[in-house]
Amino acid sequence: MPSWVPRICLAMLLWLPLLGSQARADALQTQALENNLPPLIQELFPEATEIGEKQTSPKVWPVYQVTELIGFAFLSGDYIELPGFSGAPYQLLIGIDRDGIYRGVKVLEHHEPIFLHGLGPEPMHRFTEQYPGLDLRQPIKITSASVRSKGAGSNVYIDGITKATASAIVLNETVMISAIQAAQGTGLIPHRNPPARVRTELQEDTDWQSLTANQMAGQIRLSDAEVAKAFGSTGADNIDFANLYFVYLNTPTTGRYLLGDAHYERLMQEKLEPGDHAIAVINRGPYSIMGEEFVRGTAPDRLALEQNGIQIELRDMDFYNFVDPQLPADLPQFEEMRLFSIHSGAGFDPASPWVLRLVVSQEQGYLRPDEVRSFSTRYQMPERFFEPVEIQAAETRPLWMQIWQQRAGLIAGLLAGLTLLTAIILWHRKVTENARLFRVIRWGYLLYTLIFIGYITQGQLSITNVFTILQVVTGSADSSILLIDPVIFILWCYVILTLVLWGRGYFCGWLCPFGVLQEMAAALATKLKIKQKKIPWSVHQKLWGLKYLILAGLVGVSFYSLSSAERGAEVEPFKTAITLGFVREWPFVIYAILLLVAGLFVHKFFCRYLCPLGAFFAVMGHFHLLRWLPRRSECGSPCQLCSHRCGIRAIEPSGKINYRECIQCYDCEVIYRDDHQCVPLINERRGRKRPSGVISKAS
């Protein structure tokens, strides 16, 4: 392929953002959309007889039954625009009644690739069908059906969307945040006070007796008889069912007393983000505050915190994991003690009254739902520990940070795998000395890529990710969208680093799950003794250019119509083969299978000639710093062994390595170091000729 082709593509990639950024139209076309909403609002409120005109403050449509106001409908985009995985926000139509109950959620506009051209819209619609009947005052958590079936508790659970976790989280956050703001604007729920600031300079000496006597600790104490009566049975008055104390920990007086100076500093500096809060719950009774099904680091089902009629999420901090507590000597004996955090986005005001509820459930038999009762107490810290602040926007924890916390285990597994690959890269000369050992290492890593990166973490990079990056570069999307999926973000950071140092190869040869399927197809062909088709070198060079033309076309289209570009990106079989595991409409499945079948006859056919992502990496890695695959003077003349053995045919007949096409599989380096394969080394071993040394680490 002529060297000018990738250079032209590079120029196009650099200039297209400047040419296309002004050409993108507003996809939502808000006015036209709003004119078509009344029939959809009628579907949310089938009993409605009149849908009023849209109000300007707050931005809602009042809904009436004859003359009675029965609820409101609103667009999520009037209140919040959280960027989805594609970089664009959802536009939702949401209905709530006068009791603050969701009447329904309809997706009017979205650009999520997984729903547009992958799973289809049906899973998204099934997801939104779970909202009717839920209370907007309660936080809604996404979880699996198995967790949801644990029983009743203080949290509201809905089923997530398999293979679309990040998109579902953003959709759910959009629903909850916009509903709270609309409900506050209409007066259905009170506005939250701006959070008071803790007086960090105020610290008083205290002990357990003073803490409980001076309103610095709250208590819920229940006898067995009180709980039994709530369920319509009898119990003993002299037996404690539960005896809870709870303490707000951000104030130095309470926090330093209960945790000690060292752990208080650790709490405030390491465990809490700015604007976060922490409370401790101490249980002296037999009824566990966590329950048998509780998972550390998650929200408890048996405890709920409410303020201004809105439930605020508590999340277990697992504070003393691997750390010995330093508890005060006068603290009474207790059964369990847990620390919970409240993130800044919840709008919690520590100086205002709040309510802690203990939720008790009782099984009613196999086919009947559990009965639930809750017991609560009102609590307010003394005013002297706070100073009021001016009304200002509450500092919120970014959505991406919540997602990263939820996927911490997957992130750890990915970082471990990338660390191993880095070790292979840095010590590649040692690794390739033993051909058999190297084969085990390489295939072991390829299986890790396919199973863990591909199917478990859904970490298949795609050209659609490039569209998102270009939107950020041109200012069409906020940079935070790049952080929505931690696995994709970390992989991109790693791949960009390797692009700068070594070029395209380490993604295409080691980290691409679909690339692994192609390697497996080639290995199967060897087992079946299927002869590989040798494409003439001149034709092979011309076919290289196809992927660059596909890349330029997709990137160009993306600045005019993102949806069209995403449809065009179906030239990649990644979504079908990896993201959806071949569970998709038959044309997509047949296309992906045909590409793998082609790989039986032409090694990594798709990678060589059609992959726009590979072309993007080849273009961006064109000026990489290191060319360190070793060559000898005999390479190419007279020896052609590596050129013939290179499966991807990135070694030219002259012996030069084309790093734009090389996938850094190290097969040529294994030959280079093997005195039973490398012709110069064989000659030396047989005493025929002294081999030349390495003439260059570059090709």
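Student: Where is serine 341 found?
Tutor: Serine 341 lies in strand S15, residues 336–342. Keep in mind that this model is predicted.

Student: Why is serine 341 called buried?
Tutor: Its relative accessible area is 13%. Buried means under 20%. The value falls under that cut-off, so serine 341 counts as buried.

Student: Which residues does serine 341 touch, leaving out those up to four places away in sequence?
Tutor: Serine 341 touches Leu272, His277, Ala278, Glu313, Leu314, Arg315 and Met317.

Student: Now two lysines. What makes the phi of lysine 529 worth a remark?
Tutor: Its phi is near 60°, which is positive, and the residue is not a glycine. Lysine 529 sits in the loop between H19 and helix H20 (537–558).

Student: Is lysine 529 buried or exposed, and how do you know?
Tutor: Its relative accessibility is 75%. Exposed means over 50%. Therefore lysine 529 counts as exposed.

Student: What is the phi of lysine 604, and where is this residue found?
Tutor: Lysine 604 has a positive phi of about 50°, and it is not a glycine either. Its place is the loop between H23 and helix H24 (605–609).

Student: Is lysine 604 buried or exposed?
Tutor: Lysine 604 has a relative accessible area of 1%. That is under the 20% cut-off, so lysine 604 is buried.

Student: On to helices. How are two packed helices described?
Tutor: By the angle between their axes and the distance between the axes. Helix H19 (residues 513–527) and helix H23 (residues 586–601) pack at about 45°, with axes 8 Å apart.

Student: Which residues make the contact between H19 and H23?
Tutor: H19 gives Phe514, Leu517, Gln518, Ala521, Ala522, Leu524 and Ala525. H23 gives Leu595, Leu596, Gly599 and Leu600.

Student: How many residues of each class are in that contact?
Tutor: Nine are nonpolar, two are polar and none is charged.

Student: What makes S13 an edge strand?
Tutor: Start with the sheet: four strands, in the order S13-S12-S16-S17, with antiparallel pairing. Strand S13 (310–312) pairs on one side only, and so does strand S17 (371–379).

Student: Over how many bridges do S12 and S13 pair?
Tutor: Strand S12 (residues 303–307) and S13 pair over three bridges. At least two are needed, so they count as paired. Leucine 305 stands opposite isoleucine 312 in S13.

Student: Last one. What makes the bond from serine 57 to proline 58 cis?
Tutor: Its omega is near 0°. Proline 58 lies in the loop between strand S1 (50–51) and strand S2 (61–65).

Technical notes. Residues numbered from 1 in each chain as written. Predicted model: local features only at pLDDT ≥ 70, side-chain atom pairs only at ≥ 80, totals over all residues. Heavy atoms only, no water. Axes fitted to C-alpha atoms, helices over the stretch in contact; angles between N-to-C directions. Contact = heavy atoms within 4.5 Å. Nonpolar A, V, L, I, M, F, W, Y, C, P; charged D, E, K, R; others polar. Buried < 20%, exposed > 50% of the residue type's maximum accessible area, 1.4 Å probe, protein only.
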